[in-house]
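Subject: Handover of a structure and notes on its side-chain contacts

Dear colleague,

Please find below the structure that I am handing over to you. My notes on it come directly after it.

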Amino acid sequence: MGLERPVKGSKMCTQLNSRQLIEESLNRRYSDGIREALGQVHFNFVITDPCLLDHPIVYASQGFLKMSGYSTEEVVGRNVRFLQGPDTDRRTVLTIREAIREEKSCQVSILNYKKNGTAFWNLFHLAPVFSEGDGRVIHFVGVQTPISKFSRSSVSNNVSCSRPNNCPAFVENMLFNHHTSSAIYFGSCRRELFSNFSVDLGHSGLYNSLAEEDNAGLEEEPTCEAKESDKQKAIAAATRILFELTQFSKHTGKAVLDKRSNSADLVRVAPISSSLSIALNRIHQSFVLVDPHLPDMPIVHASNLFLQLTGYSIDEILGRNCRFLQGRDTDQAAIAQIRQSIVEEQCCTVRILNYRKDNSSFWNLLHTAPVRNASGKVAFNVGVQLDVTGIAEDEHQGESMSSHMKQLGAVGAVRVAVRSLHGVGSR
C-alpha cells in the first residue's frame, strides 16, 4: 500500500505497540466480559479497527476461524484482504469501499477464499458502529452468510447469478468465509493514524491496494444473489452482535450506536401497521413484541397489561430494548438463556427477577417465542409476562400448566394476528 517501512531499530517496539493497540481496541470501548459475550454469539465474524494501521482484525470468532481455516494468531492483527482471491469481483469491492466511505450499511454477495484455497460464495452484510459521544465510526460490523452452491439452481434460480450493484466485492471477499454466517467489524477513522505513513488510512484504506490495482478496465464478473431468507439472517446476525457491543459499551461510559446521533435521545422506531396494532390490542395478556431485525431488538408493541405491570407509559418503552426491566439482582444466566433462544429462533420459558419503573422488583414467569409472517420468516419475537411474585418456585409447579397454557394462548393469538395482518398498511 506504499507504506514506509519502520526503521530497523524500532521494529520490535512497533510490533509490541501494535499488539497493545489491538488488545486495547476492544478493552477501552467495552467492559470486561465482551470477549466472552462475543464468544457465545454463534456467527462467524471478526472485528476490525480502522483507526489502527491497515484496519487490522482485533477479534475473530471461532466460527470465522473454522469457516476460513485460519487460527487466531494468523488473522488477528492482519487486514482481512487475505480472504480475496483471483476471481473476487473488484467492482463489488469498490461498492463496499464506497459504503465504508459513506459510513452506511451494505449487503452484497461475493466470492472469498479459505486458507486451503477453496473458493466459496458469501452474503456479506456491512454495518457501521458509531460512538454515541462524538458520532465517529469506531468499528464496522460485517456479517457473512455462506451461500450454498447447491442452492444455485439453473432451473429454479433460487440464487441467481448477477452483478451486485450495492456493495464493493473487495471488502466482502475479505470478510466472507465458508459455512455459517460471519461478521467483520471495520472501523471508520478518516485520518491516517501515523504521520510518518504516506497513505490515507481512511474508511477505504483497508481495501486500497487491490481495489486501486484493478480500478481500470474492470470487467463484469458474475456473482450469486442470496435468497431473501439468507439476507434476513444476515441482518439478524448483525443486530445480535451489535446488541452485545451496545450493552457492554454502556458500562464504560463510551456507548456505541448503530446510527450517528448528536444527542442521547433514543432512536425511535416506526410503528407497526394500525391494523396489526388493533388486533394485538384485543389480546388480554401482558406481552411485548420486539423486532429482531432492528438494532438492539427494540419494542414495537406493548399491551396495556404490560404497561400496568411495569408502570411505564407506551412512549417510555417503544423503541427501547427490554433490558430496562433488568436490575442488580437479575439472573444473568436467565438473560443468556433468553438471548440464545432468540438467536436459535426457539421458544424459551424462564423465571426471572425484573424491576418496575418505581424500582420495585417482581418475579416474572417469562415466555418468549418467535413470531413468523405468512412466508414463514421470523418477523418478531414476543415476550409474555406473568407476575408470580409471592409464589415459591416449587409451589408454582402445580399451577405451571395453567399459567403456561395462558402464555401459549397469547403467543398463538399474536402469531395469528401477525400472519394475517403484518404488512397490511405501510409501517
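The notes below cover salt bridges, aromatic contacts and cysteines, in that order.

Please bear in mind throughout that this is a predicted model.

Salt bridges

The side chain of E244 meets that of R240 in a salt bridge with an N to O distance of 2.5 Å. Both residues belong to helix α8, which spans residues 228-250, and they are 4 residues apart, about one turn of the helix. E244 has a relative accessibility of 1% and therefore counts as buried. R240 is likewise buried, with a relative accessible area of 6%.

E244 also forms a salt bridge with R339, at 3.4 Å from N to O. This pair links distant parts of the chain, since E244 is in helix α8 and R339 is in helix α12, 95 residues apart. Both E244 and R339 are buried. Through shared partners, the salt bridges join R240, E244 and R339 into one network.

A further salt bridge is found between the side chains of R323 and D296, at 2.7 Å from N to O. It, too, links distant parts of the chain: R323 lies in the loop between α11 and α12, whereas D296 lies in the loop between β10 (287-290) and β11 (299-302), and the two are 27 residues apart. R323 is buried, with a relative accessible area of 15%. D296, at 16% relative accessibility, counts as buried as well.

A search of the whole structure gives 3 aromatic pairs. One of them is F45 with Y59, whose ring centres are 5.5 Å apart and whose planes meet at 25°, so the pair is stacked. F45 is located in the loop between α2 (34-39) and β1 (46-48), and Y59 in strand β2 (residues 57-60), so the contact ties together parts that are 14 residues apart in sequence. Both F45 and Y59 are buried.

Y312 and F324 make another aromatic pair, which is edge-to-face, with 4.9 Å from centre to centre and 65° between the planes. Y312 is in the loop between α10 (304-310) and α11 (314-317), and F324 is in the loop between α11 and α12 (332-343), so this pair ties together parts that are 12 residues apart in sequence. Y312 counts as buried at 13% relative accessibility, and F324 is buried with a relative accessible area of 12%.

An aromatic ring also takes part in a contact with a charged group: the charged end of R351 sits over the ring of W363, 4.8 Å from the ring centre.

Cysteines

How many disulfides does the count come to? The count comes to 0 disulfides. A disulfide is a covalent bond between the sulfur atoms of two cysteines. For C347, the closest cysteine sulfur is that of C348, and the distance of 8.8 Å is too far for a bond; the cut-off used for a disulfide is 2.5 Å between the sulfur atoms. C347 is partly exposed, with a relative accessible area of 45%. C322 is also partly exposed, with a relative accessible area of 25%.

With kind regards

Notes: Residues are numbered from 1 along each chain as its sequence is written. This is a predicted model: local features need pLDDT of at least 70, side-chain atom pairs count only at pLDDT 80 or more; totals for chains, interfaces and linings use all residues. Side-chain values use heavy atoms; hydrogens and water are left out. Buried means under 20% relative accessible area, exposed over 50%, partly exposed in between (1.4 Å probe, protein chains only). Rings of Phe, Tyr and Trp (its six-membered ring) pair if their centres lie within 6.5 Å; planes under 30 degrees apart count as stacked, over 60 as edge-to-face and the rest as tilted. A charge sits over a ring if NZ of Lys or CZ of Arg is within 6 Å of the ring centre and within 35 degrees of the ring normal. A salt bridge is a side-chain nitrogen of Lys or Arg within 4 Å of a carboxyl oxygen of Asp or Glu.
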